[in-house]
Structures are given as structure tokens and as C-alpha cells.
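Please look over the sequence and the model before reading on.

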Amino acid sequence: MMEAAAALAVAGALPLQAQSGPPQYKDMIFLSGIGGWYPERRPKAGDVREQTRDALTIMKDHLEKNGSGMDKVLKVTVSLVDPENNWEPMNEEYNKFFPKRKPARSYWGTTGFRRKGQLLQIDCIAYKGEA
């Protein structure tokens with residue numbers, strides 16, 4: 001059973017630093033609610049390229065701290081504000097983090113997030129250990 005703090009942190013109700021670790025089941029890691037902008041990390045929201053890099057860097061750091069990595073990501077979901085204008089720059093930055101094997105990915109457009117200025121949110125499912 002998942003701890004309440006971890007469940008809230010993954011849902012975005014608590015800062016990432018407050019969680020005890022991402023939910024895991026056997027060799028699977030589940031990260032969700034990784035925003036593209038946190039004012040405590042950077043004062044200004046920045047554009048979608050900067051937010052994509054930040055969100056994926058946070059994702060990479062959490063995966064590596066828990067015995068996984070970007071090469072072990074199986075599935076990514078991206079929620080994106082104004083995809084008509086933000087898809088291409090987001091996708092260009094995204095591809096830099098997955099240079100070889102691309103995980104399955106889905107996305108949807110959204111009108112915004114709780115934090116004004118945030119342009120995207122990313123979730124992923126990854127495994128740890130050997131393939």
C-alpha cells in the first residue's frame with residue numbers, strides 16, 4: 001500500500017522534496033505530476049523548452065536515485081498547454097533526453113495548471129534492474 005505522503009506528492013499536492021520516494025511495485029517506478037516550473041527552483045516560468053528540460057531533468061534525477069534511468073522509461077504522458085504552438089519545441093527538447101530508444105508516449109492539451117505560467121506536466125513509468 002502506498003504511503004499518503006507519497007501519493008500526495010506524486011499528485012502534485014506536496015513538493016517533490018517532501019516525498020519519501022516514488023511509488024514502486026516490484027521493479028516498476030511510477031512518477032507523476034512533474035511540473036515544468038517550480039518558483040523555488042527558478043523565479044520566472046520560462047518557455048516550453050526550458051520547462052521541458054527542467055521537468056525531464058527532475059524525472060531523470062528521481063529515476064536515478066531509485067535505481068533506474070531514462071533508458072528504462074517505458075511510458076511517458078505529457079500534459080501540454082497550447083499544443084499547437086508548444087508541441088514542436090517541447091518535442092525537440094524531449095528527444096534530447098531519449099536519443100536512442102523512445103518510450104511509448106501520449107499527450108493531451110490542457111488550458112492550464114494550478115500554477116499560472118506552468119506549461120506542461122509529465123508522468124512516467126519505468127523499470128529498474130535488468131531488462
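## Pairing in the sheet

β3 and β5 run antiparallel and are joined by 7 bridges. Within this pair, Val-78 stands opposite Ile-122 of β5. The model described here is a predicted one.

β5 also pairs with β2, again in the antiparallel sense, over 6 bridges.

## Order of the strands

Taken together, 5 strands make up an open sheet with mixed pairing, and their order is β1-β2-β5-β3-β4. The edges are held by β1 (24-25) and β4 (104-110); each has a single partner strand, so one side of each is left without a neighbour in the sheet. In general, strands of a sheet pair through backbone hydrogen bonds, and the pairing is either parallel or antiparallel.

## Helices on the sheet

Helix α2, made of residues 48-65, lies across β2, β3 (73-81) and β5 (120-127). The angle between α2 and β5 is about 30 degrees. Helix α3 (residues 83-97) also packs on the sheet, where it touches β3, β4 and β5. The direction of α3 makes about 145 degrees with that of β3.

## The chain as a whole

The protein chain contains 3 helices and 5 strands. Along the sequence they follow the pattern α-β-β-α-β-α-β-β. Of contacts between residues at least 6 apart in sequence, 72% join residues at least 24 apart.

The chain has 131 residues, and buried residues make up 44% of them. Its accessible surface comes to about 7400 Å², with 54% belonging to carbon and sulfur atoms.

## A loop residue: Ser-68

Ser-68 is placed in the loop between α2 and β3. Is Ser-68 buried or exposed? Its relative accessibility is 11%, and because buried means under 20%, Ser-68 counts as buried.

Which residues does Ser-68 touch, not counting those up to four places away in sequence? They are Ile-29, Leu-63, Ala-126, Tyr-127 and Lys-128. With Tyr-127 there is a polar approach: a polar atom of the Ser-68 side chain lies 2.5 Å from the backbone oxygen of Tyr-127.

Note on methods:
Residues are numbered from 1 along each chain as its sequence is written. This is a predicted model: local features need pLDDT of at least 70, side-chain atom pairs count only at pLDDT 80 or more; totals for chains, interfaces and linings use all residues. Side-chain values use heavy atoms; hydrogens and water are left out. Two strands pair if DSSP finds at least two bridges between them. Helices (H or I, at least four residues) and strands (E, at least two) are DSSP runs, numbered from the N terminus. Contact means heavy atoms within 4.5 Å. Axes are lines fitted to C-alpha atoms, for helices over the stretch in contact, and angles run from 0 to 180 degrees between N-to-C directions. Buried means under 20% relative accessible area, exposed over 50%, partly exposed in between (1.4 Å probe, protein chains only). A polar contact is a pair of N or O atoms within 3.5 Å; within protein, one must be able to donate a hydrogen and the other to accept it, and residues adjacent in sequence count only if both atoms are side-chain atoms. Accessible areas come from the Shrake-Rupley method with a 1.4 Å probe; for residues, only the protein chains shown count as cover.
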